[in-house]
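Here is a short report on one model.

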Amino acid sequence: MTDNTPADPAEPLRYAAFTADPAGGNPAGVVLDATALSAEQQLAVAARLGYSETAFLGPVPGRPRARTVRYFSPLAEVPFCGHATIAAAVALGEAIGPGELLFETKAGPVPVTVERDAAGEFTATLTSVPPHVEAVADEDLAEALDALGWKAGELDPRLPPVIAYAGARHLVLAAATRARLADLDYRFDALAALMRRLDLVTLQLVWEQDGSTFHVRDPFPVGGVVEDPATGAAAAAFGAYLRQLRGLETARLTLHQGEDLGRPGLLTVDLTAGDPRVRVTGRAVRIP
């Protein structure tokens with residue numbers, strides 16, 4: 001196994017999450033020990049990297065496999081980020097070995113399991129905080145569709161709009177066709193203003209290929225990024241939404257994201273009977 005730990009643990013590492021290809025998935029920064037960095041310095045590091053999020057880890061006294069984690073986009077701190085969690089867990093697993101981790105985030109405790117296969121490649125599974133789903137007001141939906149340039153008739157009635165939460169809030173909108181999902185050209189400032197008012201982190205735009213396979217895209221203007229290439233927090237929120245909508249108990253969902261950006265990623269979402277939390281699994285790999 002190659003030791004990817006930097007000589008300076010405050011030096012950011014770069015990983016691609018939800019992919020085994022450094023040119024795919026969603027890039028994330030990871031700082032393994034941000035103890036010496038203020039919140040302002042962490043934001044500056046995230047802005048310099050320019051990725052949708054960077055994870056900043058800190059030690060938890062007496063708990064060698066637990067870390068505090070803060071997540072910063074280039075513009076602001078967010079309460080939880082799935083792809084940066086997967087990236088950080090793999091980076092930490094490479095440094096201290098695979099196994100169970102606990103990330104103390106602003107959204108709550110997030111257990112993460114890191115596994116290494118026979119080829120030495122790493123996969124991480126996060127377990128979300130307890131999720132919930134809420135209705136979206138008609139006027140807010142109309143404002144979102146206007147900013148996107150979508151028409152109400154282009155939505156899939158089988159997947160009605162909601163706001164879903166599994167550590168961060170996401171407006172879920174389902175396109176009736178793959179072509180509608182592929183054609184994304186929205187008004188950045190207008191959508192950002194709506195998202196700030198509703199405290200949304202991304203929009204989770206989805207198209208259902210079949211009952212367990214979905215293609216998704218996530219505009220992220222509030223983070224200063226046009227689109228997030230692979231979004232674990234939104235995947236968890238979507239899993240909670242689909243469980244409630246369709247009465248699912250145990251299910252595995254496959255989400256394809258990033259294809260329209262040329263950075264394909266794969267997210268696996270697991271629902272378990274008797275546990276309201278959602279598990280999201282993905283690979284992560286160091287970006288050279």
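Start with Asp-270, which touches Ala-251, Arg-252, Val-278, Arg-279 and Thr-281, leaving aside residues up to four places away in sequence. The model is predicted. Asp-270 sits in strand 16, residues 265-272. Its relative accessibility is 15%, so Asp-270 counts as buried, the cut-off being under 20%. The side chains of Asp-270 and Arg-252 are joined by a polar contact of 2.7 Å.

Next, the largest pocket. Its volume is about 180 Å³. The lining holds 15 residues. Nearest the centre of the pocket lie Val-78, Asp-199, Leu-200, Val-201 and Val-222. Strand 5 (77-78) and helix 5 (188-198) each give at least two residues to the lining. By type, the lining residues are nine nonpolar, two polar and four charged.

Now the rings. The count comes to five aromatic pairs. Two of them are set out below.

| Pair | Centre to centre | Angle between planes | Type |
|---|---|---|---|
| Tyr-186 and Phe-188 | 6.3 Å | 15° | stacked |
| Phe-214 and Phe-238 | 5.0 Å | 75° | edge-to-face |

The pair of Phe-214 and Phe-238 links distant parts of the chain, 24 residues apart. Phe-214 belongs to strand 13 (residues 213-220) and Phe-238 to helix 6 (residues 232-246). Both Phe-214 and Phe-238 are buried. Together with Tyr-241, Phe-214 and Phe-238 form one aromatic cluster.

Phe-188 counts as partly exposed, at 30% relative accessibility.

Terms used: Residues numbered from 1 in each chain as written. Predicted model: local features only at pLDDT ≥ 70, side-chain atom pairs only at ≥ 80, totals over all residues. Heavy atoms only, no water. Helix = DSSP H or I, 4+ residues; strand = E, 2+ residues; numbered from the N terminus. Buried < 20%, exposed > 50% of the residue type's maximum accessible area, 1.4 Å probe, protein only. Polar contact = N/O pair within 3.5 Å; in protein donor to acceptor, adjacent residues only side chain to side chain. Contact = heavy atoms within 4.5 Å. 1 Å grid on protein atoms, 1.4 Å probe; cavity = no way out; pocket = protein on both sides within 12 Å on 5 of 7 lines; lining within 4 Å. Points joined across faces, edges and corners; volume = space filled by probe spheres on them. Nonpolar A, V, L, I, M, F, W, Y, C, P; charged D, E, K, R; others polar. Phe/Tyr/Trp six-rings, centres within 6.5 Å; stacked < 30°, edge-to-face > 60°.
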